[in-house]
Amino acid sequence: MGSNGIRRYGLYIGGRWVAAAGAEVFPVHNPATGEVVGEVADARAADAVQAVTAAVEAFPAWAARPAKERSEVLRRAYDLMLAHRDELAELMTREQGKPLEEARGEVQYAADFVLWNSEEAKRVYGETIPASHADKRLLALRQPVGVVAAITPWNFPAAMITRKIGPALAAGCTVIVKPAEQTPLTACRLAELFAEAGLPAGALNVVPTTRPEEVADALLADTRVRKLTFTGSTGVGKILMRKAADTVKRVSLELGGHAPFLVFDDADVERAAREVAASKFRNAGQTCVCTNRVYVHERIADAFTAALADVVRGLKVGNGLEPGVQIGPLIDGQAADKVERHVRDALAKGARLALGGQRRSDSARGVHFFEPTILCNVTDDMVIMQEETFGPVVPVQVFRTEEEAVAKANRTPYGLAAYLYTRDLSRAIRVSEQLEYGIVGVNDGLPSVAQAPFGGFKESGIGREGGKYGMEEYLEIKYVSIRL
Ligand code: SIN
């Protein structure tokens, strides 16, 4: 840490903090103030290759360590994360903008992935298979995939890293993390904590960069990297998947979403409104599972919209370090442009602004806030009903029948998360089964937890993170046939 409170990090390769090959560094800004909060080495392709070499060298010894020992290292990393919870949360709020309380929640969420996988490390079982001949024995072993490239997003600077490195390290893989250029500081601090926990040199490497394409290309072209795990947009995910195909890497992709929230006419409107707001305004709307469109039954539409407006009106927007703030800044100008474009398009096509709608930008400082916004009378032709907004805007559309609501919810190339609110148990089960989504929240706008599978249908991704499913992504199955 510099004397002015600015964090400085090199690249973390082979257990050492090193300068980038080009000796370049880049600043990290607080999106709420524009202030520089850190400075980080700027990796090039050559650095990525170095990191792969370090991960390759560390792999045999880490994979060979008894599962119990890998488990203990992860358990210590979990303890250290919680011991440093306030510090990590503040760092995260400074570089990402989310309110401090939410950042504290993210540290717990992130640490939970480490804890879960430290326990799961001990339960990677194989199988014996009945043979066809008396003199044979057949085994199915599960072994670590090998070196993993993890490309992570800015919206959860800690949890999207631990959701990947937790199971990868538990399985015996070694990892190179390329964090988002907006939020590399949390990634670097996590690397320090994992080293303090006893993770051997080279098992975890971190290569921040302002040239994500160059570094990703180097990682993907390298035949020594056996798996890509990525969280980010569907567009980038498709490009990475194509590139990973050249060396037939295993891929896990957690991509974009366009979550519908169905509010049925038997719902308790106040509770439904609170749940929609919780899902929509988490991280200022910047999560892949945030509600992106609400469908409410026509009989309760007015009451629900009024209740939602009451909840949303009370949300405080500002610098996440200030007490009481619930909605922080958007990550950058591009993000604010997109939110504004969605709102303008909807209004131009006849939507009614029930609340908010204003952008507050100081472009010179790179600071962009958007008021929590509710749009009514939205129609299917509006961009907001088709594209992921990633901002604090909730469009509300009315439906008449359950069939219509389900059909509208499913009419999208995305399939990550969907939500419904109802008191009718049969409907809850029926609709959950019909929704073409990897995650369904029934009367629950915040379903994400470390022990459950997280991932999407359709263009929202491939594979699952979390729980026992998350570990599978980092394991190969090896069949061994033994003649006695
Ligand atoms: C994401 O936005 O990608 C993750 C959200 C979550 O884990 O709930």
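1. Separation of the domains. In this predicted model, the C-alpha centres of domain 1 and domain 2 lie 31 Å apart. Domain 1 comprises 7-255 + 460-483, and domain 2 comprises 259-449.

2. Contact between the domains. On the domain 1 side, 24 residues are in contact with domain 2. Their partners in domain 2 number 29 residues. The cut-off here is heavy atoms within 4.5 Å.

3. Position of the ligand. The space that the ligand takes is the largest cavity.

4. Composition of the shell. The ligand is surrounded by 13 residues. Sorted by class, 6 are nonpolar, 4 are polar and 3 are charged. The closest are Tyr109, Arg163, Glu254, Cys288 and Ser448.

5. Polar distances. For serine 448, a polar side-chain atom lies 2.5 Å from a ligand oxygen. For tyrosine 109, an N or O atom of the side chain is 2.7 Å from an oxygen atom of the ligand. For glutamate 254, the corresponding distance between a side-chain N or O atom and a ligand oxygen is 2.9 Å.

6. Cover. On its own, the ligand has 260 Å² of accessible area, and the protein covers 100% of this.

Conventions:
Residues are numbered from 1 along each chain as its sequence is written. This is a predicted model: local features need pLDDT of at least 70, side-chain atom pairs count only at pLDDT 80 or more; totals for chains, interfaces and linings use all residues. Side-chain values use heavy atoms; hydrogens and water are left out. A residue is near a molecule or strand if one of its heavy atoms lies within 4 Å of it. A polar contact is a pair of N or O atoms within 3.5 Å; within protein, one must be able to donate a hydrogen and the other to accept it, and residues adjacent in sequence count only if both atoms are side-chain atoms. Accessible areas come from the Shrake-Rupley method with a 1.4 Å probe; for residues, only the protein chains shown count as cover. On a 1 Å grid over the protein atoms alone, a cavity is a set of points where a 1.4 Å probe fits but cannot get out, and a pocket is an open set with protein on both sides within 12 Å along at least five of seven lines; lining residues have an atom within 4 Å of a point. A molecule sits in a cavity or pocket if more than half of its atoms lie within 2 Å of its grid points. Ala, Val, Leu, Ile, Met, Phe, Trp, Tyr, Cys and Pro count as nonpolar, Asp, Glu, Lys and Arg as charged, and the others, Gly among them, as polar. Domain bounds come from an automatic or database domain assignment.
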